[in-house]
Amino acid sequence: MNDKDRAILGDGLSMLSQCRRQTGDIWQAHYGAAAIAGYFFIKTNHLPGKVEEAVAEENQRMIAKYLQTGTVTGESVSVESAESRILAALDDTIDGLHWVGHNVIYAAISLAALHELGGGLRHEAADIAELISSFAKTIPGRSWIGYSAAEVKRLTLDELDGISEITDGNQLSAFILNELASYSVIYRAEAHHDLMGHMLTYSHALNILYDLGHHDYFHRGLPGLLKIVKVLRASRQLDPAEPIRIVSPVDRLPLVEAPRSAWLPHQPEYWAGIDGAVIDWDFGHLFKFPFSFYHHWNRVSEAPAKAMENFRYIIHPVQRIIS
């Protein structure tokens, strides 16, 4: 990747750091994380040239919309200094589940960009740390099947869950792909296909921390991720004839099965059917979900084919909106 491509990482960090100041909230940071994900999706996969061009074009269009204009200047800071500040902020929330893991996702992808760039800007590292700190005392997430947010927060893991000990990133990737492969039906609901997508991105963020040598944060973050896994397992075999409890401000009964994408993100046809601006880049998930799925897929020597098949149902709504 050349310097022009690497500039995307700086843009992504700027967007992450600007989020709280611009909106007073945590969610527009999605686009900064997505910009960084788009860069790494290209770098870490052997993609056809047409796919690289399409991803880069959509990424630049998204950045042009959401990056605050003006020259970004400031005192430079080393990777070690920026990392220390961001990890100190993450230390306050890593042991719990907050907004389906976005505190971990934002922190990890910021660190990945900082390491790739060899440093960053001091004020941006401070702003990103403040963003991560703002997750303290927030809810686990807003949309669940079979559980309320309060019940998810109180949820514990036990031997009956049958989850073997996970000691490293390779084991986590294998575990997550097997979980994704276990579903016979994926519903087009925030509490289902979207939550599965965040199971991918949350676990990927933990793997980034592991690969950067932050093994303690990896292990401390696992219980929050496994809460999502446990909740999703309760929806593996839903009977439409039986009452289904949905706790969500956006999902409604009856649940509708997610459509299947005919194409995958490593194929040119997938991107040919997408106009990111029309779907607002699906809030950044256009880049984030593929980046995380292929990370896990490439990490496992014998990944279950059903995981790739089920991934089609997670990404299809992106295309469906404009088809």
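This is a predicted model: local features need pLDDT of at least 70, side-chain atom pairs count only at pLDDT 80 or more; totals for chains, interfaces and linings use all residues.
Helices here are DSSP runs of H or I with at least four residues, strands are runs of E with at least two, and both are numbered from the N terminus.

## Loops and backbone features

The peptide bond that joins Leu-253 and Pro-254 is cis, with omega at about -5°.

Two tryptophans have positive phi values, each in a residue other than glycine: for Trp-99 phi is near 45°, and for Trp-281 phi is near 50°. Trp-99 belongs to the loop between α4 (79–90) and α5, whereas Trp-281 belongs to the loop between α11 and α12. Because its relative accessibility is 2%, Trp-281 counts as buried.

## The histidines of α12 and α9

His-285 lies in helix α12, which covers residues 285–299, and His-198 has its place in helix α9, which covers residues 190–211. The side chains of His-285 and His-198 make a polar contact at 3.2 Å. Are these histidines buried or exposed? With a relative accessibility of 7%, under the 20% cut-off, His-285 counts as buried, and His-198, at 3% relative accessibility, counts as buried as well.

Leaving aside neighbours within four places in sequence, His-285 is in contact with His-30, Asp-194, His-198 and Pro-290. For His-198, not counting residues up to four places away in sequence, the residues touched are His-30, Val-100, His-102, Ile-105, His-285 and Phe-289.

## Packing of α2 and α5

Helix α2 (residues 29–44) packs against helix α5 (residues 102–117) at an angle of about 50°, and their axes are 10 Å apart. That angle makes α2 oblique to α5, and the crossing of the two helices is left-handed.

## Packing of α8 and α10

Helix α8 (residues 169–181) and helix α10 (residues 215–233) have axes that come within 12 Å and cross at roughly 10°. That makes α8 roughly parallel to α10. The contact is made by Gly-169, Leu-172, Phe-175, Ile-176 and Glu-179 from α8, together with Phe-218, Leu-222, Leu-225, Leu-226, Val-229 and Arg-233 from α10. Sorted by class, the contact of α8 with α10 has eight nonpolar residues, one polar residue and two charged residues.

## Gly-120 in strand β2

Gly-120 is found in strand β2, which covers residues 120–121, and at 15% relative accessibility Gly-120 counts as buried. Leaving aside neighbours within four places in sequence, Gly-120 is in contact with Glu-75, Ser-76, Val-77 and Leu-114. How far apart in space are Gly-120 and Ala-82, which are 38 residues apart in sequence? From C-alpha to C-alpha, Gly-120 and Ala-82 are 7.3 Å apart.

Key:
Residues are numbered from 1 along each chain as its sequence is written. Side-chain values use heavy atoms; hydrogens and water are left out. Buried means under 20% relative accessible area, exposed over 50%, partly exposed in between (1.4 Å probe, protein chains only). A polar contact is a pair of N or O atoms within 3.5 Å; within protein, one must be able to donate a hydrogen and the other to accept it, and residues adjacent in sequence count only if both atoms are side-chain atoms. Contact means heavy atoms within 4.5 Å. Axes are lines fitted to C-alpha atoms, for helices over the stretch in contact, and angles run from 0 to 180 degrees between N-to-C directions. Angles under 35 degrees count as roughly parallel, over 145 as roughly antiparallel, 65 to 115 as roughly perpendicular and the rest as oblique. A crossing is left-handed if the near helix is turned anticlockwise from the far one by less than a right angle, and right-handed if clockwise. Ala, Val, Leu, Ile, Met, Phe, Trp, Tyr, Cys and Pro count as nonpolar, Asp, Glu, Lys and Arg as charged, and the others, Gly among them, as polar.
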